[in-house]
Amino acid sequence: MKNLDSVLAAYLAGWAIFFVYYISVAQRMSTLREEIERLKAQLTKGK
Amino acid sequence: MLKSALKATILFALIAVTAYLAFYYAPIEKSMGVIQKIFYLHISCAFSAFVAFGTCFYANLRYVFTRAPKSDWLAVSAAEVGLAFISVVLITGPIWAHPVWGIWWTWDARLTLTFVLGLLYVSYLLLRSMIEEPDKRALFSALFGIFAFLDVPLVYFSIRWWRTQHPQPVILGGPGSGLEPRMRVSYLLMWGALTGLLILLLSARYKLEALRASVDDLRREAEVR
Amino acid sequence: MALLADATTLLGKELRTEFRSRELLTTTVVFILVVVVLFSFTFDPSTSESRRFGPGLLWLSFLFAASLMLQPCFLREQNNDTLSALRLSVRDPFSIFLAKLSANTLFLLLTEVLMLPIFAILYNVHILSVFPQLVLVLFLGSLGVAIPGTAFSAISAQARMRELMLPLLLLPLLTPVLIASTEATGALLEVNPALRADWLGFLLGFDLVFLTALWLFGEYLLEE
């Protein structure tokens, strides 16, 4: 089983990239949700 | 929330199954050995990346003619997701090439095209971050995206005439390029799984962009008061 | 025909503005000269070596120079607030692009032709016998640089960090022009010079593709 470590490395790197990207999207999304809550609170307070 | 978590779980299960198939079900290729298994991921990712960039081009064109903000959201999502896929292609490629060709990188047509394509879309995203006003950002980045996509076949042919070393396509290649049936099953499943991943990432990124637009709206409203 | 008439008038305006000060032309010539001289320190500029690397570095310096030279093309209009007036004064907005890209091609070609003899002397290559063919390659290549360059100059004028954005947008897109022009120039500088019709045809194709795109989408580039 020559080169098996290369294959594993390639698959790991691939999944890692997708995973990190998905996490980053989710994180940005939650920051924006907080921002929306904050802005909405601000707007209702101003009324 | 639950629905998206469910979708993600199904997709990851699918990916796990395909990885299992690629490793244990598909036979080991005769001339290349076990290293050929990288292809399942590599080729499917390349396909998804091109689909993503094609989607970006379509959204760019649509934006220029309809000026619907939704097209712009789709365009930026597709460009970013395409870049994620293309970086996987660019990383798995050299890992395959090193044991087989003895070098990490060579300036062959398809490799260089992939690299230049990645660079063009990095420029696209950079350009977006450099224009503040949403309408202007959408329009000018869409126009750049159209020009960039038109460049793709030109880059490909110019480098192809210049030099080429990439292995010929085995899936859609000419006669004699047939695939072992178990390999075909693995390819098809991996391709399906990555297309699913493409759709998942695309819709997540699209929702993010929609949220961003509503934050901008709220901000403007807050400023008016 | 209105298109051509408007374009000619505007081209006259571009040329008059430039030749009054000649700022763009002088700085570009000096810039290319500096790059060409600096390149000579990175390899042995003997005859055989410069035949191998010469055309590439010549075109690379042209591309870098062009990405700086195209900068003020639309920025000037924006700074002086003349873009909307310009748009109102023509019947077809494409004539603005036609005028600007012809002016840019002309400026580029002029600096390149000025640089050729200096390059030939410094790098020990013979250009006299193939001069007309070289000018043809230079023309098609410069046109290929100027068409997307003019379009992107309108785009980068809208962005922050525009001095960096234009090269960043333009240079990766110009990969095909760089390859085709370098190959065509290289073939002309060989011991047995040859005019590579295939690469010239490719350059022509590149020019036509982007000219058509500019014709189709040019009017949107002028929106403010």
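**View 1. Confidence along chain B of this predicted model.** Within chain B, helix 1 (residues 2-25) has the lowest confidence, with a mean of 74, while helix 2 has the highest, at 92. This is a predicted model, so keep those scores in mind as you look around. Averaged over chain B, pLDDT comes to 83, and 90% of the residues score at least 70. Then there's the stretch at residues 170-176 of chain B, where pLDDT stays under 50. For that stretch the model has five contacts beyond four places in sequence. As for the complex, the predictor gives an ipTM of 0.90 and a pTM of 0.88.

**View 2. The helices of chain B.** Chain B has six helices and zero strands, so reading along the sequence you get α-α-α-α-α-α. Of the 225 residues in chain B, 42% are buried. Take the contacts in chain B with a separation of 6 or more: 78% of them join residues 24 or more positions apart.

**View 3. Chain A, a one-helix chain.** The secondary structure here is quick to describe: chain A has one helix and zero strands. Its C-alpha atoms fill a box of roughly 70 × 5 × 5 Å along the principal axes. Chain A has 47 residues, and 17% of them count as buried. Don't look for a contact with chain C, though: chains A and C do not touch, and their nearest C-alpha atoms are 23 Å apart.

**View 4. Where chain B meets chain A.** Two pairs of chains touch, and the pair with the most contacts is A and B. Here 31 residues of chain B are in contact with 27 residues of chain A. On the chain B side, helix 2 (38-66), helix 3 (69-101) and helix 6 (181-224) each supply at least two residues. Helix 6 of chain B brings the largest share, 14 residues. Sorted by class, this side of chain B has 20 nonpolar, four polar and seven charged residues.

**View 5. Where chain B meets chain C.** Now move to the other contact, which takes 24 residues from chain B and 24 residues from chain C. The elements of chain B that give two or more residues to this side are helix 4 (109-129) and helix 5 (134-162). Helix 5 of chain B gives the most, with 15 residues. By class, the chain B side divides into 20 nonpolar, two polar and two charged residues.

**View 6. The largest nonpolar core, with a look at B:Phe144.** This core has 139 residues. Those with the most contacts inside it include B:Ala75, B:Ala78 and B:Phe85, along with B:Leu143, B:Phe144, C:Ile155 and C:Leu169. Helix 3 of chain B gives the most to this core, with 16 residues. Zoom in on B:Phe144 and skip residues up to four places away in sequence: B:Phe144 touches B:Tyr124 and B:Leu127, plus C:Ile155 and C:Leu169 from chain C. As background, nonpolar side chains tend to be buried together in soluble globular proteins.

**View 7. Helix 7 of chain C, residues 131-156.** Of its 26 residues, 20 are buried, so helix 7 of chain C is largely enclosed by the rest of the structure. Confidence for chain C comes to a mean pLDDT of 88, with 99% of its residues reaching 70 or more.

View 8. You'll find C:Ala187 in helix 9 (residues 175-188) of chain C. C:Ala187 has 19 other C-beta atoms within 10 Å; being buried takes 20 or more, so C:Ala187 counts as partly exposed. Leaving aside neighbours within four places in sequence, C:Ala187 is in contact with C:Ala194 and C:Arg196. C:Leu140 sits 47 residues away along the chain, and the C-alpha atoms of C:Ala187 and C:Leu140 are separated by 15 Å.

Definitions and conventions:
Residues numbered from 1 in each chain as written. Chains lettered and ligands numbered in written order. Predicted model: local features only at pLDDT ≥ 70, side-chain atom pairs only at ≥ 80, totals over all residues. Contact = placed C-beta atoms within 7 Å. Helix = DSSP H or I, 4+ residues; strand = E, 2+ residues; numbered from the N terminus. Buried ≥ 20, exposed ≤ 12 C-beta atoms within 10 Å, placed from the backbone. Nonpolar A, V, L, I, M, F, W, Y, C, P; charged D, E, K, R; others polar. pLDDT = per-residue confidence, 0-100. Core = buried A, V, L, I, M, F, W, Y, C linked by C-beta atoms within 7 Å.
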